[in-house]
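Reader: Hi! Could you walk me through this one? I have a few quick questions lined up.

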Amino acid sequence: MLRWALIFLVLALVAGALGAGGVAGLSMNIAYVLFVVFLILLVVHFFQGRRGTRI
């Protein structure tokens, strides 16, 4: 998921440099949402791993 966020970020930067404002804004929004979801899943995974069962 982080990979997709980075892809949309690069797409937004390229589109912004070429002057395609609508595409750049949309790509930045998608990249931001994917990055936030990735961070939330990372935190959940981190806490789930720390609470593993011990025998």
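Author: Happy to; we can go from the overall fold to single residues, keeping in mind that this is a predicted model.

Reader: Great. How many helices and strands does the chain have?

Author: The secondary structure comes to 2 helices and 0 strands. Helix H1 covers residues 2–18, and helix H2 covers residues 21–50.

Reader: What share of the residues is buried?

Author: Buried residues make up 11% of the 55 residues in the chain. The accessible surface of the chain comes to about 4600 Å², and 74% of that surface belongs to carbon and sulfur atoms.

Reader: Which residues of H2 are buried, then?

Author: In H2, those are Ala24, Ser27 and Ala31.

Reader: And what do the buried residues of H2 pack against?

Author: They pack against H1.

Reader: Why does serine 27 count as buried?

Author: Its relative accessibility is 3%, and buried means under 20%, so serine 27 falls in that class.

Reader: Switching to helix geometry: what span should H2 have, and how far apart are its end C-alpha atoms?

Author: At 1.5 Å a residue, the 30 residues of H2 should span 44 Å. The end C-alpha atoms of H2 are 44 Å apart, which agrees.

Reader: Good to know. Now the surface: which residues make the nonpolar patch?

Author: Leu6, Leu9, Leu13 and Met28 make a nonpolar surface patch of about 360 Å². Helix H1 gives the largest share of the patch, 3 residues.

Reader: Is leucine 13 buried or exposed?

Author: Leucine 13, which is in helix H1, counts as exposed because its relative accessibility is 55%, and exposed means over 50%.

Reader: Last topic, aromatics. How many aromatic pairs are there?

Author: The count comes to 1 aromatic pair. The partners are phenylalanine 46 and phenylalanine 47, with ring centres 5.5 Å apart.

Reader: Why is that pair edge-to-face?

Author: A pair of aromatic rings is described by the distance of the centres and the angle of the planes. Here the planes of phenylalanine 46 and phenylalanine 47 stand at 65 degrees, and over 60 counts as edge-to-face.

Reader: And how exposed is phenylalanine 46?

Author: Phenylalanine 46 is partly exposed, with a relative accessible area of 46%.

Methods:
Residues are numbered from 1 along each chain as its sequence is written. This is a predicted model: local features need pLDDT of at least 70, side-chain atom pairs count only at pLDDT 80 or more; totals for chains, interfaces and linings use all residues. Side-chain values use heavy atoms; hydrogens and water are left out. Patches are made of residues with over 30% relative accessible area and no salt bridge: like charges are joined within 9 Å, nonpolar side chains (Val, Leu, Ile, Met, Phe, Trp, Tyr) within 5 Å. Accessible areas come from the Shrake-Rupley method with a 1.4 Å probe; for residues, only the protein chains shown count as cover. A salt bridge is a side-chain nitrogen of Lys or Arg within 4 Å of a carboxyl oxygen of Asp or Glu. Helices (H or I, at least four residues) and strands (E, at least two) are DSSP runs, numbered from the N terminus. Buried means under 20% relative accessible area, exposed over 50%, partly exposed in between (1.4 Å probe, protein chains only). Rings of Phe, Tyr and Trp (its six-membered ring) pair if their centres lie within 6.5 Å; planes under 30 degrees apart count as stacked, over 60 as edge-to-face and the rest as tilted. The expected span of a helix is 1.5 Å times one less than its number of residues. Contact means heavy atoms within 4.5 Å.
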